Amino acid sequence: MINQAKRQSRRVGAVLAAAIALLGIYVSTAAASQHGVRYDGRSLIINGKRKLLFSGSIHYPRSTPEMWPDLLGKAKRGGLNVIQTYIFWNGHEPLQGQYNFEGRYDVVKFVRMIGEMGMYATIRVGPFIEAEWNHGGFPFWLREVKNITFRTDNAPFKYHMRKFVRMIVDMFKREKLYASQGGPIIMSQINTCNGRHCADTFLGPNKPYKPSLWTENWTSHYTVFGEPSYYRTAEDIAYSVARWFARNGTHVNYYMYYGGTNFGRTTSSFSTTQYYDEAPIDEYGLEREPKWGHLKDLHRALKLSQKALLWGHPSVWMLTKDVEVCIYDQPRNNVCAAFLTNNNNDNVSTVKFRGHEYHLPPYSVSILPDCKTVVYNTMTVVAQHNARRLVKSRLAHWNLRWENYKEVIPTQLGYFSWKPKELYLLTKDTTDYAWYTTN
């Protein structure tokens with residue numbers, strides 16, 4: 001399965017974009033102030049300190065506000081210090097000029113809660129979102145704007161996009177949620193980039209003064225029609241992350257970390273349950289083991305190496321044709337961390353490194369925070385396994401009553417047509433159904 005994951009990952013070949021698109025108002029390369037966010041070629045610098053950033057995507061509309069504290073708490077205990085979310089335009093502005101920031105769409109409350117948990121936030125403003133969400137997050141009324149063409153250099157599209165994005169940014173600014181204001185938001189992203197093994201496909205940032213940030217590390221992938229079901233293992237995810245940090249990465253985001261659910265008609269037609277339900281936190285809000293625990297152990301090992309990763313001098317060479325070593329060291333300060341990677345998919349490799357012998361399982365990375373002691377290997381899982389067994393709850397079924405949800409289906413459209421109408425334009429995204437009468 002792991003070999004299959006590697007082959008399929010490289011077949012996907014999704015190369016991480018040169019650098020995350022930052023809203024320059026709040027993120028600057030200037031070193032004028034220690035307050036807020038800066039960056040250089042090594043890492044983001046938050047309030048004057050370099051950071052290793054472990055992020056997970058949790059979409060606020062895919063759970064209820066009552067669930068948010070528990071989900072965020074589990075993410076933090078899993079070693080995350082950043083939460084990433086999209087902004088869902090069609091949820092916030094279902095009708096032009098009429099905004100909704102209540103209940104599941106109270107994004108201000110969600111972001112503020114992230115900060116109260118002691119974590120940072122990354123906001124993917126969109127406006128188009130590749131989140132298996134209805135209409136890519138665009139509200140239906142946008143389609144009726146005269147002469148509009150989505151996602152192009154089109155004046156009507158850019159006008160409405162700019163208006164929405166500025167409204168969101170101004171709202172967060174007004175609530176003092178940006179890091180430059182003491183809030184948790186450290187990045188705002190306009191576009192998207194993704195992959196599963198970016199350490200081996202990413203060619204580097206487009207400028208030497210930009211850090212390497214991985215905004216989507218897929219914790220699963222779509223099931224391809226006609227092919228066997230694909231499950232991405234905890235070992236493969238850990239391998240990709242360890243390789244990424246060994247290759248000068250200092251930020252990774254798991255997409256998804258909690259998949260959640262879709263309420264009503266919000267899911268897109270091509271969404272699959274598996275893509276979201278294999279996240280480290282499952283659809284019930286429970287830790288999926290060993291994925292959650294194995295990644296938690298990985299984050300702990302990388303944090304033990306953070307001084308070397310953030311300040312050390314990097315070097316890479318091959319010990320054998322299959323084994324690569326990446327070292328970050330500061331000899332004067334006695335700081336050193338090493339990553340031993342066995343790229344052979346089938347065979348254990350035994351190598352000598354700095355006078356010690358190491359046995360490396362196939363397709364694995366060993367982390368040595370002191371360049372001597374292996375504290376973690378991506379193929380060696382010590383996290384507890386668990387399984388799901390559903391039992392009917394007497395309490396939940398004691399007074400269970402079914403409720404009917406009724407959609408108003410138009411039965412009289414008021415006009416005659418020789419040809420079938422396009423459903424989306426006919427119903428204006430208010431229902432998935434329409435009646436035709438033919439003769």
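Mentor: One term before we start. Contact, or touching, means heavy atoms within 4.5 Å. Also keep in mind that this is a predicted model.

Trainee: Fine. Which residues does V165 touch, leaving out those up to four places away in sequence?
Mentor: V125 and I190.

Trainee: And where is V165 found?
Mentor: In helix α5. V165 has 10% relative accessibility, and buried means under 20%, so V165 counts as buried.

Trainee: How far is V165 from W89 in space?
Mentor: Their C-alpha atoms are 9.3 Å apart. In sequence, V165 and W89 are 76 residues apart.

Trainee: Let's zoom out. How many helices and strands does the protein have?
Mentor: It has 12 helices and 16 strands. Of its 439 residues, 52% count as buried.

Trainee: Now α9. Which residues does α9 cover, and how far does it reach?
Mentor: Helix α9 runs over residues 291–304, which is 14 residues. From first C-alpha to last it reaches 20 Å, close to the 20 Å expected at 1.5 Å a residue.

Trainee: How many residues of α9 are buried?
Mentor: 10 of the 14, so α9 is largely enclosed by the rest of the structure. Among the buried ones are W292, G293, D297, H299 and A301. K291, H294, L295, L298 and L302 are buried too.

Trainee: How does α7 pack against α9?
Mentor: Helix α7, residues 234–246, packs with α9 at an angle of about 20°. The two axes are 9 Å apart. Angles under 35 degrees count as roughly parallel, so α7 is roughly parallel to α9. The crossing of α7 past α9 is right-handed.

Trainee: Which residues make that contact?
Mentor: From α7 they are A234, E235, I237, A238, V241, A242 and F245. From α9 they are K291, H294, L295, L298 and L302. By class, the residues of this contact are 9 nonpolar, 1 polar and 2 charged.

Trainee: Is α7 itself mostly covered or open?
Mentor: Mostly covered. 13 of its 13 residues are buried.

Trainee: What span should α7 have, and what does the model show?
Mentor: At 1.5 Å a residue, the 13 residues of α7 should span 18 Å. The end C-alpha atoms of α7 are 18 Å apart, which agrees.

Trainee: What follows α7?
Mentor: N248, with a positive phi near 80°.

Trainee: Other helix pair. At what angle do α2 and α4 cross?
Mentor: At roughly 40°. Helix α2 is residues 68–77 and helix α4 is residues 107–116. Their axes come within 10 Å. That angle makes α2 oblique to α4. The crossing is right-handed.

Trainee: Which residues meet there?
Mentor: W68, P69 and L72 in α2 meet K109, F110, M113 and I114 in α4. That contact has 6 nonpolar, no polar and 1 charged residues.

Trainee: Switching to the backbone. Which residues does a cis peptide bond join?
Mentor: One joins G126 and P127, with omega about 5°. P127 is in the loop between β6 and α5. The bond from E289 to P290 is also cis, with omega near 15°. P290 lies in the loop between α8 and α9.

Trainee: Where does C371 sit, and is C371 buried or exposed?
Mentor: C371 is in the loop between β15 and β16. At 3% relative accessibility, C371 counts as buried.

Trainee: Last one, Y284. Where is it found?
Mentor: In the loop between α8 and α9. At 47% relative accessibility, Y284 counts as partly exposed. The C-alpha atoms of Y284 and G259 are separated by 9.4 Å, and the two are 25 residues apart along the chain.

Note on methods. Residues are numbered from 1 along each chain as its sequence is written. This is a predicted model: local features need pLDDT of at least 70, side-chain atom pairs count only at pLDDT 80 or more; totals for chains, interfaces and linings use all residues. Side-chain values use heavy atoms; hydrogens and water are left out. Helices (H or I, at least four residues) and strands (E, at least two) are DSSP runs, numbered from the N terminus. The expected span of a helix is 1.5 Å times one less than its number of residues. Buried means under 20% relative accessible area, exposed over 50%, partly exposed in between (1.4 Å probe, protein chains only). Axes are lines fitted to C-alpha atoms, for helices over the stretch in contact, and angles run from 0 to 180 degrees between N-to-C directions. Angles under 35 degrees count as roughly parallel, over 145 as roughly antiparallel, 65 to 115 as roughly perpendicular and the rest as oblique. A crossing is left-handed if the near helix is turned anticlockwise from the far one by less than a right angle, and right-handed if clockwise. Ala, Val, Leu, Ile, Met, Phe, Trp, Tyr, Cys and Pro count as nonpolar, Asp, Glu, Lys and Arg as charged, and the others, Gly among them, as polar.
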